[in-house]
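I keep these notes as a record of what I looked up. The structure comes first, then the entries.

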Amino acid sequence: MRQAADILSLRTPGRGLVEITGEVEAWTRRQGMQTGLLTLFCRHTSASLLIQENAAPEVRTDLEAFFAHLAPEDPARYAHDDEGPDDMPAHLRAALTNTQLSIPLIGGRLALGTWQGIYLFEHRRRPHAREVAMHVSGD
Amino acid sequence: MRQAADILSLRTPGRGLVEITGEVEAWTRRQGMQTGLLTLFCRHTSASLLIQENAAPEVRTDLEAFFAHLAPEDPARYAHDDEGPDDMPAHLRAALTNTQLSIPLIGGRLALGTWQGIYLFEHRRRPHAREVAMHVSGD
Amino acid sequence: MRQAADILSLRTPGRGLVEITGEVEAWTRRQGMQTGLLTLFCRHTSASLLIQENAAPEVRTDLEAFFAHLAPEDPARYAHDDEGPDDMPAHLRAALTNTQLSIPLIGGRLALGTWQGIYLFEHRRRPHAREVAMHVSGD
């Protein structure tokens, strides 16, 4: 078994789901392994990772609205507001989703289901530069 | 270090928690490793994985009721309803739990605590065929 | 590639976030790897793992209050109360956060972002003895 690691850098356009399946698959393919384990790790506490349906776009709209409702922007609720009213809700939405995801590599392909896409979930209002650490081990 | 990967296929009876600890432990044991890392990956966006108490059955009933309340079936809330009223809540409940779980293997056994069981959480009303990708690496 | 595994034992002072970044980094460093993957697994169903901001302490207070509100102590809601009114909410808060976290090791360091800390999230009111299984593989 061998391994590789790298950082994926991207800019988000502000709040919402940004699909990164293509970039992640391309990097994984370049490592030339048939079987293995890919791990993605989001290096932020106000953005997160999510695997969701990549077919119907309404799923993403509904997901964003659901998390906005569950952890709303409402300064009266939170003690932490140094970085603006969207900061504490961003931490909560990140805590409810994933900082890290691992996906097995089988037969030279990530074992994603037919309708699964990998998303970076930006929780801040403004565009941000984000980094996802990638690690793969296998043969 | 070496590795193995496979797909666990199962049928769910509709909404609820289906314990898969036995199948997962049996497959892991057959790989004959003493130390390693097992990863499970659910290949669906309307079912998920969860580690929970396998002693008191009321814990599972309460868990199901909690997620049903948190992400309710209510067509008025969601734009996405092509696949029925239970589809979008299924995506939300999957987003709140886990698509993937990894468990260390120590001394030839998965490092589960005394009361921990591994569950596939079916979020759709009807029975479904589900696939969980399994990967283990170790010695 | 080689690997190591161990159990981190700690006592929590009751409900709240306990930072374990230092212990985890120290153990990982002792394994002497430059590149790899660290996995942490919480062996309990009423405590969990979370990566969150380790700068502003109000973030932790707000996080605890948010989960207390989302999955409240309220015996009328739950069938499972054998172990006290804080037990079922503890299972729910654990289900909403993480039983397991994996972090890539790059350049001899965990790929945590500048503001990220690793926390054990104790969900029971009383102090508890908790175990986190640790596994690292790499070179």
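Entry 1, a histidine. I looked up A:His135 and found it buried, with a relative accessible area of 1%. I take buried as under 20% relative accessible area, exposed as over 50% and partly exposed as in between, with a 1.4 Å probe and protein chains only. A:His135 sits in strand E8 of chain A, residues 128-138. Helices (H or I, at least four residues) and strands (E, at least two) are DSSP runs numbered from the N terminus. A:Phe41 is 94 residues away from A:His135 along the chain, but their C-alpha atoms are separated by 8.6 Å.

A note on the source: this is a predicted model, in which local features need pLDDT of at least 70 and side-chain atom pairs count only at pLDDT 80 or more, while totals for chains, interfaces and linings use all residues. Residues are numbered from 1 along each chain as its sequence is written, chains are lettered from A and ligands numbered from 1 in the order in which they are written, and side-chain values use heavy atoms, with hydrogens and water left out.

Is B:Arg126 buried or exposed? I found it exposed, at 63% relative accessibility. B:Arg126 lies in the loop between strands E7 (116-122) and E8 (128-138) of chain B. From B:Arg126 to B:Thr99 I count 27 residues in sequence and 20 Å in space, C-alpha to C-alpha.

The buried residues of H2(B) are B:Val59, B:Arg60, B:Asp62, B:Leu63, B:Phe66, B:Phe67 and B:Leu70. They cover an arc of only 165 degrees around the axis, so they are on the same side of H2(B). The arc is that of the directions from the helix axis to the C-beta atoms. An α-helix has 3.6 residues a turn, so residues three or four places apart point the same way.

In H1(C), residues 21-30, I found C:Thr21, C:Val24, C:Trp27 and C:Thr28 buried. Seen down the axis, these fall within an arc of 140 degrees, so they line one face of the helix. The face turned away from that buried side carries the exposed C:Arg29 and C:Arg30. C:Gly32 follows H1(C) and has a positive phi, near 65 degrees.

Copies are superposed by least squares on the C-alpha atoms of residues with pLDDT of at least 70 in both.
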